[in-house]
2 protein chains.
Amino acid sequence: MKPAVVLLSGGLDSATTLAIARSEGYACYALSFAYGQRHQAELAAADAVGAALQVVEHRVMPIDLSAFGGSALTDTAIPVPELPTQGIPVTYVPARNTVFLALALAWAEVIDARDIFIGVNAVDYSGYPDCRPAFIAAFEALANLATKVGVEAAEDAAAPIRVHAPLIDLGKADIVRRGLALGVDYAVTISCYQPDNSGAACGRCDSCRLRRQGFEDAGVADPTRYI
Amino acid sequence: MKPAVVLLSGGLDSATTLAIARSEGYACYALSFAYGQRHQAELAAADAVGAALQVVEHRVMPIDLSAFGGSALTDTAIPVPELPTQGIPVTYVPARNTVFLALALAWAEVIDARDIFIGVNAVDYSGYPDCRPAFIAAFEALANLATKVGVEAAEDAAAPIRVHAPLIDLGKADIVRRGLALGVDYAVTISCYQPDNSGAACGRCDSCRLRRQGFEDAGVADPTRYI
């Protein structure tokens with residue numbers, strides 16, 4: 001089995017992405033971040049998801065993006081919006097996916113993995129710039145210039161490092177269907193931006209709204225535990 | 001004065017880069033990393049350099065790349081080579097500059113800086129892939145896709161975020177001459193991969209050899225304190 005690094009947040013999308021990577025035959029190394037997010041419940045969820053989907057290893061790396069702030073997710077002084085907003089919302093964390101993919105790349109190079117999976121989605125999403133196909137393609141190009149494996153394979157036609165974003169063109173309902181078909185237990189995942197200490201979801205933030213609509217559109221029961 | 005984030009390691013190249021950024025009129029926010037490197041002396045050097053060159057702020061961010069290892073600089077079980085080696089040396093830290101630039105980008109976005117400076121050099125260097133012009137250009141392209149400011153300026157002709165690598169085409173002697181002309185005190189910088197606890201340089205590693213040769217070729221006294 002080929003190794004792959006899979007970014008795992010504990011939410012619905014990354015759990016589905018991990019299930020897809022596993023179904024494609026990769027030995028999955030899951031990577032989560034304690035990045036100063038508002039709640040630690042999602043890290044416990046990531047651990048449960050990783051165990052259920054039999055990852056080879058699950059690492060939680062501390063990287064304190066709250067030292068920079070600038071987002072409702074990393075600065076508790078900025079409230080999480082509970083109504084739709086115009087433009088890129090304040091829940092956008094500056095350069096978060098760039099930082100996460102960079103660290104995934106570092107680990108991938110050390111364990112000699114050529115494949116990185118990320119659960120970004122550009123259909124039912126919050127409009128974050130670092131969830132779009134052009135961003136993923138640009139990161140993949142960068143990865144092949146940044147690394148030893150990329151340089152040493154420079155004479156080959158194909159760039160060796162691939163960044164997989166298998167959900168990028170799927171609507172939320174399709175993601176839910178895909179995950180259920182692969183046996184994902186969404187009851188253990190947490191998507192909410194502001195769950196309570198027990199991990200129960202608010203039901204009102206952008207992430208809760210997108211998730212709830214996904215289950216509804218897929219015509220399946222929503223297993224989310226709401227406050 | 002426009003703000004800029006300047007990556008500052010405490011070595012000769014980043015000190016020169018900071019001096020150049022300052023001479024170009026930027027208000028400099030210096031960023032260093034406690035990334036699990038072999039020695040902390042370089043962080044003390046970075047602090048001294050930042051103070052001497054009057055940065056607005058100097059941050060040291062912990063990001064433990066030694067959790068991944070895979071380099072002589074982040075894994076003490078891998079010795080630092082003291083003779084020239086073939087290919088990319090074991091002192092290469094997987095994806096290090098990708099990680100550092102990603103975090104510089106995060107800070108830049110929060111403080112509304114459009115300019116990032118990095119002291120990479122592709123002439124008298126160790127052959128690291130993430131020091132080459134193509135890597136810097138790819139990161140700049142990524143940065144403009146990854147961020148709010150990049151997206152919001154998408155209709156402009158010019159991409160708003162710039163990654164400056166003012167040393168990239170300079171030989172080490174030219175870097176030394178440039179820095180001296182700008183008043184850099186190289187006595188406080190540390191380039192060595194394995195200094196002793198007092199910060200004295202080994203004189204034998206690749207980084208020491210390149211630095212020593214730079215002073216010699218520039219025809220100036222080498223202020224480095226050797227073991």
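This is a predicted model: local features need pLDDT of at least 70, side-chain atom pairs count only at pLDDT 80 or more; totals for chains, interfaces and linings use all residues.

Q: What is the mean pLDDT of chain A, and what does the predictor say about the complex?
A: Chain A has a mean pLDDT of 93, with 98% of its residues at 70 or more. That scale goes from 0 to 100. For the complex, the predictor gives an ipTM of 0.94 and a pTM of 0.95.

Q: Where is Phe117(A), and which residues is it in contact with, leaving aside neighbours within four places in sequence?
A: Look in strand β4 of chain A. Phe117(A) is in contact with Ala4(A), Val6(A), Leu7(A), Thr17(A), Ala21(A) and His164(A), once neighbours within four places in sequence are left aside. To count, a pair needs C-beta atoms within 7 Å. There's also Val163(A): its C-alpha atom is 5.9 Å from that of Phe117(A), although the two are 46 residues apart along the chain.

Q: What is the strand order of the sheet in chain A, and what makes β3(A) and β5(A) edge strands?
A: It's an open sheet of five parallel-paired strands, in the order β3-β2-β1-β4-β5. β3 (57-62) and β5 (162-164) of chain A each pair on one side only, and that makes them the edge strands. On average, neighbouring strands here are turned by 25 degrees against each other, ignoring direction.

Q: How do you know that β2(A) and β3(A) pair?
A: Six bridges join β2 (residues 27-34) of chain A to β3(A), and the two run parallel. At least two bridges are needed for a pair, so six will do. As a spot to look at, Ala34(A) stands opposite Pro62(A) in β3(A).

Q: Which strands does helix α1 of chain A touch?
A: α1 (residues 12-23) packs on the sheet of chain A, touching β1 (3-7), β2 and β4 (115-117), and its direction makes about 170 degrees with that of β1(A).

Q: Why is one side of β3(B) and of β5(B) left without a neighbour in the sheet?
A: Chain B has an open sheet of five strands too, ordered β3-β2-β1-β4-β5 with parallel pairing. β3 (57-62) and β5 (162-164) of chain B stand at its edges with a single partner strand each, so one side of each has no neighbour there.

Q: How do you know that β1(B) and β2(B) are paired?
A: Five bridges join β1 (residues 3-7) to β2 (residues 27-34) of chain B. Two would be enough, so these strands pair. In one of those bridges, Ala4(B) has Cys28(B) as its partner.

Q: Which helix packs on β2 and β3 of chain B?
A: That's α2 (residues 41-52), whose direction makes about 175 degrees with that of β2(B).

Q: How many residues of chain B are in contact with chain A, and which classes do they belong to?
A: 35 residues of chain B are in contact with 35 of chain A. α3(B) gives the most to chain B's side, with 10 residues. By class, that side has 26 nonpolar, six polar and three charged residues.

Q: Which residues have the most contacts inside the largest nonpolar core?
A: This core has 146 residues, and the ones with the most contacts inside it are Val6(A), Ala104(A), Val6(B) and Ala104(B).

Terms used:
Residues are numbered from 1 along each chain as its sequence is written. Chains are lettered from A and ligands numbered from 1 in the order in which they are written. Two residues are in contact if their C-beta atoms, placed from the backbone, lie within 7 Å. Ala, Val, Leu, Ile, Met, Phe, Trp, Tyr, Cys and Pro count as nonpolar, Asp, Glu, Lys and Arg as charged, and the others, Gly among them, as polar. A nonpolar core is a set of buried Ala, Val, Leu, Ile, Met, Phe, Trp, Tyr and Cys residues joined through C-beta atoms within 7 Å. A residue is buried if 20 or more other C-beta atoms lie within 10 Å of its own, exposed if 12 or fewer, and partly exposed in between; C-beta atoms are placed from the backbone. Axes are lines fitted to C-alpha atoms, for helices over the stretch in contact, and angles run from 0 to 180 degrees between N-to-C directions.
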